[in-house]
Amino acid sequence: MKWLAKIFYYGRIKRLERIQYAAALVAQGETAQAEEILESARPKAWIDDLAVYHFVSGKLRMEQDALDEAERHLYTALGLGLERPAVKLNLAVLKVRRCELGAALSLLDEVRLSDDELILEQERVMRDVIRDVRRGTPREELTERATRFRKKHLKGGGDSDEAICGALSKRLAEGGKLSGKDKEDAVLLYGQLLCGGRRGRW
């Protein structure tokens, strides 16, 4: 029976690798390919793996502007025991996109308990964005900051929104190489791209 156990274990590892690859594709804006991989990698036996699958699926649906589906996937991931701050951070981003700022702040309060410095930095950036939205920072100022970030940090790499989103995701993933102010401006640029491509909805 050992050989059978090895087959199951090997299959599980390969499935998780495909899910992780799909997550990387989502971060690069390659949503069509990510969706195809996720459809073939849905776990059937392991609850922990299924939770990760729903988390990545939630991120994918957010990129596709399917916020209802994204919310279901993310809450399913939580319900299956994936109590990671990253899940709650993505839910907070989803709430901000729906202008449910109070709900977003409640989730960020939970994210603040994380000991992951990159997650905590993103949590602080999200709070700053919510603060700017609530106090009504002039749109011209937000646009100017987004444009300044693009010129300073995203030279070359293509002019399409998809190319810029891919480059932007890469810079945000680098974390420590950007100042706190630059990260705020990066989020503003991301929101600007989403608004332009989704008829004003972030």
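Reader: Glu 71, buried or exposed?
Author: Glu 71 is buried, at a relative accessible area of 17%. Buried means under 20% relative accessible area, exposed over 50%, and partly exposed in between, using a 1.4 Å probe and protein chains only.

Reader: What kind of model is this?
Author: This is a predicted model, in which local features need pLDDT of at least 70 and side-chain atom pairs count only at pLDDT 80 or more, while totals for chains, interfaces and linings use all residues. Residues are numbered from 1 along each chain as its sequence is written, and side-chain values use heavy atoms, with hydrogens and water left out.

Reader: Back to Glu 71. Which helix is Glu 71 in, and what is Glu 71 in contact with?
Author: Glu 71 sits in helix α4. Leaving aside neighbours within four places in sequence, Glu 71 contacts Leu 91, Leu 94, Lys 95 and Arg 98. Contact means heavy atoms within 4.5 Å. Helices (H or I, at least four residues) and strands (E, at least two) are DSSP runs, numbered from the N terminus.

Reader: How many helices and strands in the protein chain?
Author: The protein chain has 10 helices and zero strands. Of its 202 residues, 44% count as buried.

Reader: What share of the contacts joins residues at least 24 apart?
Author: It is 53%, taken among contacts between residues at least 6 apart in sequence.

Reader: What is the average pLDDT?
Author: The protein chain averages 79, and 79% of the residues score at least 70. pLDDT is the predictor's confidence in each residue, from 0 to 100.

Reader: Which element has the lowest mean pLDDT?
Author: Helix α9 (residues 161-174) has the lowest mean, 69, whereas α4 has the highest, 94.

Reader: And where does pLDDT stay under 50?
Author: One stretch is residues 1-9, where the model has zero contacts beyond four places in sequence. Another is residues 198-202, for which there are 17 such contacts.

Reader: Change of topic. Which residues have the most contacts inside the largest nonpolar core?
Author: Ile 19, Leu 38, Leu 74, Leu 82, Val 87, Leu 108 and Ile 130, in a core of 37 residues. Helices α1 (2-27), α2 (31-40), α3 (47-63), α4 (67-79), α5 (85-97), α6 (101-111) and α7 each supply at least two of its residues. α3 gives the most, with eight. A nonpolar core is a set of buried Ala, Val, Leu, Ile, Met, Phe, Trp, Tyr and Cys residues joined through side-chain atoms within 4.5 Å.

Reader: What is Leu 108 in contact with?
Author: Beyond four places in sequence, Leu 108 contacts Leu 89, Ala 92, Glu 123, Met 126, Arg 127 and Ile 130.

Reader: What does the second core include?
Author: The second, separate core has 12 residues, among them Ala 146, Phe 149, Leu 178 and Leu 193.

Reader: How many residues of α5 are buried?
Author: 10 of its 13 residues are buried, so α5 is largely enclosed by the rest of the structure. The buried ones include Val 87, Lys 88, Leu 89 and Arg 97.

Reader: What comes just after α5?
Author: Cys 99, with a positive phi of about 65°. Cys 99 lies in the loop between α5 and α6, and counts as exposed at 65% relative accessibility.

Reader: And Asp 65, buried or exposed?
Author: Asp 65 counts as buried at 17% relative accessibility. Asp 65 is in the loop between α3 and α4 and has a positive phi of about 65° although it is not a glycine.

Reader: How far does helix α7 reach?
Author: α7 (residues 117-135) has 19 residues and reaches 27 Å from first C-alpha to last, close to the 27 Å expected. The expected span is 1.5 Å times one less than the number of residues. At the start of α7, a side-chain oxygen of Asp 116 comes to within 2.9 Å of the backbone nitrogen of Leu 118.

Reader: What does the side chain of Glu 121 make a polar contact with?
Author: With the side chain of Arg 124, at 2.9 Å. A polar contact is a pair of N or O atoms within 3.5 Å; within protein, one must be able to donate a hydrogen and the other to accept it, and residues adjacent in sequence count only if both atoms are side-chain atoms. Glu 121 lies in α7, is buried at 15%, and touches Gly 180 and Lys 183, not counting residues up to four places away in sequence.
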